[in-house]
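Please open the structure in your viewer and keep the selection tool at hand.

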Amino acid sequence: MLRETEARDRAPLIELFSSPEVGTYIGGPRPRAELERAVPEVWGRGYAAEACAAALDWPADVHPGEPVALCTQSADARALRLAAKLGFTEVERFEAFGAEQWFGVRSPVPPTG
């Protein structure tokens, strides 16, 4: 499940990239202090949109012509902005998990030519 990063993701991200096991094939673990400095420098710079756009290339390649669905809480304004930026349009809102949910679809781009 892809979503925009949140403040609660910071500690697990640092833990992940400072792990010797994870770092084995990516140049080794990174020092915690370096990661602490780097995470605030990149937070909120639109990398989630870039990553999600790249991830959306996969279903377009594997299942051309098929729409992609997205569900998030209606209260998550940042997720809704990201959804709109990625081309999702609202289909409906409904109650689940004790909150209003937003359901949207990204229609496939028809082939040109």
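Begin with helix H4 of this predicted model and select Ala48, Ala49, Cys52, Leu56 and Pro59, which are buried. These residues lie on the same side of H4, because they cover an arc of only 90 degrees around the axis.

The buried residues of H4 pack against strand S1 (68–73), H5 and strand S3 (99–106). Then turn to the face directed away from the buried side and select Glu50, Trp58 and Asp61, which are exposed.

Now select the whole of H4, residues 47–62. How far apart are its end C-alpha atoms? They are 24 Å apart, which agrees with the 22 Å that its 16 residues should span at 1.5 Å a residue.

Proceed to helix H5, residues 77–85, and select arginine 81. Is arginine 81 buried or exposed? Its relative accessible area is 53%, and because exposed means over 50%, arginine 81 is exposed.

Finally, select Leu13, Leu16, Phe17, Val22 and Ile26, which make a nonpolar surface patch of about 380 Å². Helix H1 (residues 10–17) contributes the largest share of the patch, three residues. Isoleucine 26 is located in the loop between helix H2 (20–23) and helix H3 (32–42), and it counts as exposed at 52% relative accessibility.

Methods
Residues numbered from 1 in each chain as written. Predicted model: local features only at pLDDT ≥ 70, side-chain atom pairs only at ≥ 80, totals over all residues. Heavy atoms only, no water. Helix = DSSP H or I, 4+ residues; strand = E, 2+ residues; numbered from the N terminus. Buried < 20%, exposed > 50% of the residue type's maximum accessible area, 1.4 Å probe, protein only. Expected span 1.5 Å × (residues − 1). Arc of directions from axis to C-beta. Contact = heavy atoms within 4.5 Å. Patch = residues over 30% accessible without salt bridge, like charges linked within 9 Å, V, L, I, M, F, W, Y side chains within 5 Å. Areas by Shrake-Rupley, 256 points an atom, 1.4 Å probe, with all protein chains shown as cover. Salt bridge = Lys/Arg side-chain N within 4 Å of Asp/Glu carboxyl O.
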